[in-house]
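Here's a quick tour of one model, taken a region at a time. Have a look at the fold before reading on.

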Amino acid sequence: SRHEAALNALGQRYDQHAGVAFIEMGSLGHNGSWQVEGVEDEWAMPPAEELLTWAWHYQAAFPNTPILMSTPYQPARVMGLGLYNEHLGDEEKSWAWLDTIEYGGYDGTVGAELRPMPATLSSAPSGARIDGAVDQNELFSVRLRALVKQLTMGRTTYLSGVDLEAAQQNPAAISLARSVMGYQLWVREARFPSRIRAGYRLKVQLDMRNDGVQAFSQSWPVELALLKDDALVYREITTLDIRQ
């Protein structure tokens, strides 16, 4: 009950906050990662049937902010959550994470089968955090190709845990990593009449593309505006679904 109350207080302040794009679900596991390492006994986490209760606390507190979970537990499937990789840069752990999403598995720490969720990576935000044990100067240089592959295969929307000093020393690597992340929407072609008569219907045809690895996952409105000599003449919110 206190966990629920604390999250509700956070949600009242930060749900739809301009500075918050996503919420990584925390509270359980080492460092709030919903994962435990180096624990051989089962039930190091709450049992599977209890996880949904903890997850619903987040959903109720942040109804308007996309939420991500590190492991594809049942709540992630039931609630349509995004996923995030806690161990980017550690190739063994990153590929194990991707394999679990693709094929499922078993997690003894909660005593639950993990169901495949491959479609989630292309329909919901996909996050990544660089593993704390990784040498980032090495990651951004001799291991850069492996990093880019992990980002691409994980359809990564955003990246956290970057060491600022290592990033400043490897600007080309950071630029390359950014170029393969997230959505990259652009208008390939727009067709409309060269002359417009007031009071008549205006037909606009747009050919839009996404060259990124991730779909735009939120139903943001798409607005078309008509300008004459840089002055706004008309504006309209369309029925276009940016996620499609």
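## A nonpolar surface patch

A patch here gathers residues with over 30% relative accessible area and no salt bridge, joining like charges within 9 Å and nonpolar side chains (Val, Leu, Ile, Met, Phe, Trp, Tyr) within 5 Å. A salt bridge is a side-chain nitrogen of Lys or Arg within 4 Å of a carboxyl oxygen of Asp or Glu, and areas use the Shrake-Rupley method with a 1.4 Å probe, where only the protein chains shown count as cover for residues.

This is a predicted model, so to speak of local features takes pLDDT of at least 70 and side-chain atom pairs 80 or more, while totals for chains, interfaces and linings use all residues. Numbering starts from 1 along each chain as its sequence is written, and side-chain values use heavy atoms, without hydrogens or water.

On the surface, Val187, Phe192, Ile196, Leu202, Val204, Leu206, Met208, Leu224 and Leu240 make up a nonpolar patch with about 730 Å² of accessible area together. Leu202 sits in the loop between strands E8 (185–191) and E9 (205–210); strands are DSSP runs of at least two residues, helices (H or I) of at least four, numbered from the N terminus.

## Around Gln35

Gln35 is buried at 15% relative accessible area (buried is under 20%, exposed over 50%, partly exposed in between). Its side chain makes a 3.1 Å polar contact with that of His87 (N or O atoms within 3.5 Å, one able to donate a hydrogen and the other to accept it; residues adjacent in sequence count only if both atoms are side-chain atoms).

## The sheet

Five strands form an open parallel sheet ordered E1-E2-E3-E6-E7. E1 and E7 (158–160) are at the edges with a single partner strand each, so one side of each lacks a neighbour in the sheet. Strands pair if DSSP finds at least two bridges between them; E3 (82–88) and E6 (126–130) have 4.

Note on methods
Buried means under 20% relative accessible area, exposed over 50%, partly exposed in between (1.4 Å probe, protein chains only).
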